[in-house]
There are 2 protein chains.
Amino acid sequence: MDHQDDRAVEPPEMRWDGWGDFDRATELPRAVRALLPLMLGRVHRPEHAPGIEHVEVDETRLTEADLTAFRTVVGEAHVSLDPQLRLRRAAGRSTPDLLRRRDRHQPAPDAVVRPADHAEVRELLGIAAQRGIAVVPFGGGTSVVGGVDPDAGAHRAVIALDLARLSGLISLDEISGEAVLLAGTRAPEAERLLAAHGFELGHYPQSFRYASIGGFAATRSSGQNSAGYGRFETMVTGIRMVTPTGDLDLGRAPGSAAGPDLMRLMLGSEGVFGVITAVRVRVHRVPVDRIVESWTFPDFETGAAALREVVQRAGGATVIRLSDEAETGVSLAQIGKIGRVLAKGASAVTVFEGEDVEHRRERTAALITAAGGTSAGRTAAEDWARTRFDGPYLRDALLDAGVFCETLETATTWSNLHALRAAVTAALKDGFADAGAKSFIMCHVSHVYPTGASLYFTVLAGIKNDRPGTWDIIKHRVGDAIMAAGGTITHHHAIGRDHAPWLTDEIGETGIRILRAVKRELDPHGIMNPGVLIPDEPRHG
Amino acid sequence: MDHQDDRAVEPPEMRWDGWGDFDRATELPRAVRALLPLMLGRVHRPEHAPGIEHVEVDETRLTEADLTAFRTVVGEAHVSLDPQLRLRRAAGRSTPDLLRRRDRHQPAPDAVVRPADHAEVRELLGIAAQRGIAVVPFGGGTSVVGGVDPDAGAHRAVIALDLARLSGLISLDEISGEAVLLAGTRAPEAERLLAAHGFELGHYPQSFRYASIGGFAATRSSGQNSAGYGRFETMVTGIRMVTPTGDLDLGRAPGSAAGPDLMRLMLGSEGVFGVITAVRVRVHRVPVDRIVESWTFPDFETGAAALREVVQRAGGATVIRLSDEAETGVSLAQIGKIGRVLAKGASAVTVFEGEDVEHRRERTAALITAAGGTSAGRTAAEDWARTRFDGPYLRDALLDAGVFCETLETATTWSNLHALRAAVTAALKDGFADAGAKSFIMCHVSHVYPTGASLYFTVLAGIKNDRPGTWDIIKHRVGDAIMAAGGTITHHHAIGRDHAPWLTDEIGETGIRILRAVKRELDPHGIMNPGVLIPDEPRHG
């Protein structure tokens, strides 16, 4: 390998108050604009938000001595107090995050610190622990659960530890199909670097264009090709990590029985135990053949039964996803097929990539057809594939038009899927109704397993965007409904701050005690990402 | 489901001083007997071992108050002080375990306690913690790493917590393909109960006939069908567990991003955090179609490259395994084909089960053939399938004949496979040579992954069986060689007591600190399986 070629380029800076690249921002499609009043009633366009240069942030709470200590490690250029950069490292991209971007005064980390490598991360954590400064690891900033908020916790200040400089392909073992990537490498950059050698990682969550490899690992991400290549945690074969009290280098072999798999304890740790600095991942040859196809079913239930057959009996799809009737209608509207919007039915997409695609497609098609599905050609599937990362742009356009738009997701067994979907739908619908707002709820299955599947909901509502408190209340009702109906509080968005209230329901009191014990051991001063993942200690007395 | 039918029958009692059922004990095949002097020189038949009724065990150290407390929970009939039963629950089945069975005086747990259910396990752990009595969870007793030795640690006594009564199929979700089995259910019983409903678990390690479902979970077991159905840890979708300080109920959904996967921290915990009482597993319809086939390769290296192609590109085999030249020769000798023993070459077996077997076989066959393999018909593969659980009987026969025989295993990436195999082979060969003994080493690959494979070694040697210290020294050399060559200290045998010295090399000092922190939190008195998994605390001063 020529290491010159394997160094990553500087990652793109995302729009600070919305998704992605401002130049890609989209207008609401005409047909969607026409549908909105029917679905939601009259909505009010929000006031114009302030530009980043007009937002106030507090002065840094770091002392000159703190700053000198950090600068000694990373160099002057990589400790920034610039208010705009601090604002850019102050939040993820949930809808509440974006609505808070309209405030005059916003929280921000006390500095943005950009280490160059593993050793610098280790030194920075040592300084932060010694000086009582909280540390929020920052990758792509695509969290939708409050995972990167600049919360100092019990400490006097907080820094955003920006991992952008830890970027690049360190090694590639072509025989074993393993690559080591630095944690700050953005996903498109990782794919570019791998593709230069003929390999692909194949992890394509909706956040793909901005998210980082370390972020995928820290949040147990799952991508749109998960049917083919698995959840990110199953792609990872090793991690390197710095904790405030020692390094970890985990994943010695493709299969091992050497005690509990501690790598799996660090995957999903969301920065509260330490900082992942490098990830070893399973990679495959860039697929040559590809078949995309769309399908229609009389209803969502029939479609779900077909997906279940496929994953339990064939298992050969790279992508397989099913939209409910509402999402199917809106998707058609988006691409201008307004005439077909009112057609009943649920649509699905299959993609087969790699080896033996014709045969895999045939077996899957036979199962889908037997289960009541009908092939609908390539067009809709190609549309999905072309726009697969663009959902967040549409949300920006909706928010600008005064429509509340948010997503949430869960998963459960096949036998519990429809009960869970009904419970979540009811909690959303009733929650908005109680707030005096109409809502429109769409749902899809995008990740399938032999034993069950994910459910991903998109909700549009006619609540005023200046009342984020309304959503907080509804989100709590939905979270409670998910737990009561036997779902997981999150299938791939992670816990962050927003899902922390349900983690005790998810893993039990004993599970929480385990997380706290590991946290105390690795991060005794509690400097790592305060407020994320582990619920606050119950107050006594 | 009719729960009457889903209750398990009493598990079979294994021969106390060897493998399995005494009635199945085998003679050494003539051809092997003929080969042994050529391979190992003259060996000495050991003295006859004492019958179980002649072995001395210490009096129980439990007080009447202790016994009363245990009896109050499980009833008088389920607290046994019988010396023979205590001896039967005193050891696993490693070769050193079996050699120690020849001693006049042997260690034994102070009592064998048999709880009926989860609640009784919880009460028993409470009593044990309060009274300072160590607890060794006992499933099938098939550990080959000292995982069930009756070690009281710092405590005044130790009980074997025999889980045989926690046996049965609790529920089966035919839609989702999930079954809940009690932890003490033996594997054949689990398959019998599932088969009555048309389902199969499909986990077939060599210990299959005696091992328990809870044991599989506690040790991260891997079965011979792992290419098709995965390691046991990937079959598990939920566990229920009692720790001395609280219960755990983990695994809410088929996919989740709700923080670290704590279930994976409990899988492989080998009884040191608590007792697994029930396991939810993924199951599939009993496969109807099956194709078995054997293959020959000019050498092991060519065969390994073929297996790599198959797992990286086709991925459809249920079983795929490769024996090196030595193992191929002995296998042929065993089945009486002595004339072919000296034929050079490595042999492989493929099995395809379930759906679409013809196509899967064709694709795999094409890749194997292109990689230099030749189909060798069904016979050898059928022989393997018929005798797949019988290896330990052959070991008993060898030990009776005075031949030392033991197995060990590791795993690494494809690119490192041959270097690791060479290092282990050299450590074994040199170790025995330094002890003045000839040795004969066989190796196979039986578990494949996209990124690497396992290596399983069987060694025969002409050392006297009354000198187990010789093996200890060699085992240490081999362990060191495995770590130096980048392997894992165990691919599927687990850590137990025998591999604990290398766990620090495997997961690092920080990893050990994590395990100790979890142990302190869940088991503050350290009653659970002392001496297993976690290396002894370093002594200070």
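Where in chain A does A:Thr458 lie? Look for strand β19, which covers residues 452–461 of chain A, and you'll find A:Thr458 there. Keep in mind as you look around that this is a predicted model.

Is A:Thr458 buried or exposed? Its relative accessible area is 14%, and anything under 20% counts as buried, so A:Thr458 is buried. Setting aside residues within four places in sequence, A:Thr458 is in contact with A:Glu327, with A:Cys405, A:Glu406 and A:Thr407, and with A:Phe440, A:Ile441 and A:Met442.

Now for the nonpolar core. In soluble globular proteins, nonpolar side chains tend to be buried together. Here the largest nonpolar core has 204 residues, and the ones with the most contacts inside it are A:Met266, A:Leu428, B:Met266 and B:Leu428. Take A:Met266: not counting residues up to four places away in sequence, A:Met266 touches A:Ile239, A:Met241, A:Leu248, A:Leu250, A:Phe273, A:Ile276, A:Val518 and A:Leu522, plus B:Ile514 from chain B.

The crossing is right-handed. Who meets whom? From α18(A), the residues involved include A:Thr510, A:Arg513, A:Ile514 and A:Ala517, and from α18(B) they include B:Thr510, B:Arg513, B:Ile514 and B:Ala517. By class, this contact has eight nonpolar, two polar and six charged residues.

Definitions and conventions: Residues numbered from 1 in each chain as written. Chains lettered and ligands numbered in written order. Predicted model: local features only at pLDDT ≥ 70, side-chain atom pairs only at ≥ 80, totals over all residues. Heavy atoms only, no water. Core = buried A, V, L, I, M, F, W, Y, C linked by side-chain atoms within 4.5 Å. Buried < 20%, exposed > 50% of the residue type's maximum accessible area, 1.4 Å probe, protein only. Contact = heavy atoms within 4.5 Å. Left-handed = near helix turned anticlockwise from the far one by under 90°. Helix = DSSP H or I, 4+ residues; strand = E, 2+ residues; numbered from the N terminus. Nonpolar A, V, L, I, M, F, W, Y, C, P; charged D, E, K, R; others polar.
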